[in-house]
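Let us take a walk through a protein model together, one stop at a time. Keep the picture open beside you and find each place as we reach it.

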Amino acid sequence: MPSFDVVSESDMQEVRNAVDQASREIGTRFDFKGVVASFELADDEIRMLAEQEFQLQQMMDILRQKLVKRGVDLSALDVDEPVTTLNAARQRIGLKQGIDSDTAKRMVKSLKASKLKVQAQIQGDQLRVTGKKRDDLQQAIAHLKASDWERPLQFQNFRE
């Protein structure tokens, strides 16, 4: 039976490259001269540090531009509110990896409601969709792409 996997992953190498490019840009920009501002990539999150909150907003714009140029989907970002103290402002940006169980359950329910002749199984942080016909699977992909799942989706391991 033909099948495919639905996953949600960000290319961490491209994210790392985008963060490095954004760091270089804030080092050369005139409005950041003499200002303590930095990006830090750790595990599945990016931390931004600046002196004031409006500088964090400018840094966020720079980071988004670099991520888009590198082909990273911005829906993978989970942006927290900035935390401001007297002399510094911080902001955490999480990177969504994998499909959480609530989203996977909503996807399965959506596929069942669409009346397509496919079965969906949750396997950890991904979803496996199987069907008897290749056309049904292609319709399932189109159905999943048409909905907003608040994260980027990739379709892998399409097998006959």
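**A walk through the model**

S110 is found in helix 3. Before going further, a word on the ground rules: this is a predicted model, in which local features need pLDDT of at least 70 and side-chain atom pairs count only at pLDDT 80 or more, while totals for chains, interfaces and linings use all residues. Residues are numbered from 1 along each chain as its sequence is written, and side-chain values use heavy atoms, with hydrogens and water left out. Helices (H or I, at least four residues) and strands (E, at least two) are DSSP runs, numbered from the N terminus.

Setting aside neighbours within four places in sequence, S110 is in contact with H143 and W149, where contact means heavy atoms within 4.5 Å.

Helix 3 (residues 101–113) and helix 4 (residues 134–146) have axes that come within 11 Å and cross at roughly 125 degrees. Axes here are lines fitted to C-alpha atoms, for helices over the stretch in contact, and angles run from 0 to 180 degrees between N-to-C directions. Helix 3 and helix 4 are therefore oblique to each other: angles under 35 degrees count as roughly parallel, over 145 as roughly antiparallel, 65 to 115 as roughly perpendicular, and the rest as oblique. The crossing of helix 3 and helix 4 is right-handed. A crossing is right-handed if the near helix is turned clockwise from the far one by less than a right angle, and left-handed if anticlockwise. Helix 3 brings M107, S110 and L111 to the contact, and helix 4 brings A140, H143 and L144. Sorted by class, the contact of helix 3 with helix 4 has four nonpolar, two polar and no charged residues. For this sorting, Ala, Val, Leu, Ile, Met, Phe, Trp, Tyr, Cys and Pro count as nonpolar, Asp, Glu, Lys and Arg as charged, and the others, Gly among them, as polar.

V118 touches V129, T130, G131, D136, L137 and A140, not counting residues up to four places away in sequence. V118 is buried, with a relative accessible area of 12%. For a sense of distance, V118 and D20 are 98 residues apart in sequence and 43 Å apart in space, C-alpha to C-alpha.

Now look at another pair of helices. Helix 1 and helix 2 pack at an angle of about 135 degrees, with their axes 9 Å apart. Helix 1 and helix 2 are therefore oblique to each other, and their crossing is right-handed. The contact is made by V15, A18, V19, Q21, A22, E25 and I26 of helix 1, together with M59, I62, L63, K66 and L67 of helix 2. The residues of this contact between helix 1 and helix 2 divide into nine nonpolar, one polar and two charged. E25, which lies in helix 1, is in contact with I62 and K66 once neighbours within four places in sequence are left aside.

Which residues touch the most other members of the largest nonpolar core? Of its 22 residues, they are F39, M59 and L63. A nonpolar core is a set of buried Ala, Val, Leu, Ile, Met, Phe, Trp, Tyr and Cys residues joined through side-chain atoms within 4.5 Å. Two or more residues of this core come from each of helix 1 (12–28), strand 3 (45–50), helix 2 (53–69) and strand 6 (89–95). Leaving aside neighbours within four places in sequence, L63 is in contact with A18, V19, A22, F39, I46 and I93. Apart from this core lies another, of 17 residues, among them V6, L111, A140 and W149.

Our last stops are in loops and beyond. D43 lies in the loop between strand 2 (38–42) and strand 3, and D43 is exposed, with a relative accessible area of 73%. Most residues other than glycine have a negative phi. D43 has a positive phi of about 50 degrees although it is not a glycine. E150, found in the loop between helix 4 and strand 9, also has a positive phi, near 60 degrees, and is a residue other than glycine. In the segment after strand 9 (154–159) sits E160, which is exposed, with a relative accessible area of 60%. Leaving aside neighbours within four places in sequence, E160 is in contact with M1, P2 and R134.

Note on methods:
Buried means under 20% relative accessible area, exposed over 50%, partly exposed in between (1.4 Å probe, protein chains only).
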